[in-house]
Amino acid sequence: MLSNEERKLLADTYEKGYKTKDLSEIFKISVNSVNRIIRQKKRTGPCKLHVNLKHVIVEENPF
């Protein structure tokens with residue numbers, strides 16, 4: 001999973017002319033993931049990571 005900084009870098013690099021296949025190899029993610037990040041940036045502007053908190057497991061403090 002990419003951090004918000006990496007997502008921004010990916011989107012900026014795409015805008016400079018890199019191909020999605022090359023970006024997928026550079027960032028070690030699928031071409032579909034690259035396309036999803038680019039599509040999100042085009043639709044909403046920022047390409048920040050959206051987290052679904054339903055699936056986050058919080059470990060109780062044993063102390």
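Helix axes are lines fitted to C-alpha atoms over the stretch in contact, and angles between N-to-C directions run from 0 to 180 degrees. The model is predicted: local features need pLDDT of at least 70, side-chain atom pairs count only at pLDDT 80 or more, and totals for chains, interfaces and linings use all residues. Residues are numbered from 1 along each chain as its sequence is written, and side-chain values use heavy atoms, with hydrogens and water left out.

Two packed helices are described by the angle between their axes and the distance between the axes. Helices here are DSSP runs (H or I, at least four residues), numbered from the N terminus. H2 and H3 pack at about 110 degrees, and their axes are 8 Å apart. H2 is therefore roughly perpendicular to H3 (65 to 115 degrees). On the H2 side, the contact (heavy atoms within 4.5 Å) is made by Thr20, Lys21, Leu23 and Ser24. Val31, Val34 and Asn35 contribute from H3. By class, three residues of this contact are nonpolar, three polar and one charged. Ala, Val, Leu, Ile, Met, Phe, Trp, Tyr, Cys and Pro count as nonpolar, Asp, Glu, Lys and Arg as charged, and the others, Gly among them, as polar.

H1 also packs with H3, at an angle of about 85 degrees and with the axes 10 Å apart. H1 is thus roughly perpendicular to H3. Arg7, Leu10, Ala11, Tyr14 and Glu15 of H1 meet Val34, Ile37, Ile38, Gln40, Lys41 and Lys42 of H3. Six residues of this contact are nonpolar, one is polar and four are charged.

The largest nonpolar core has seven residues: Leu2, Leu10, Leu23, Phe27, Val34, Ile37 and Ile38. Such a core is a set of buried Ala, Val, Leu, Ile, Met, Phe, Trp, Tyr and Cys residues joined through side-chain atoms within 4.5 Å. Buried means under 20% relative accessible area, and exposed over 50% (1.4 Å probe, protein chains only). H2 (20-27) and H3 (31-44) each give two or more residues to the core. H3 supplies the largest share, three residues. Beyond its neighbours within four places in sequence, Leu10 touches Leu2, Leu23, Phe27, Ile29, Val34, Ile37 and Ile38.

Thr13 lies in H1 (residues 4-15). Thr13 is buried, because its relative accessible area is 14%. Apart from neighbours within four places in sequence, Thr13 contacts Tyr18 and Leu23.

Lys28 lies in the loop between H2 and H3. Lys28 counts as exposed, because its relative accessibility is 72%. Most residues other than glycine have a negative phi. Phi of Lys28 is positive, near 55 degrees.

Methods: Angles under 35 degrees count as roughly parallel, over 145 as roughly antiparallel, 65 to 115 as roughly perpendicular and the rest as oblique.
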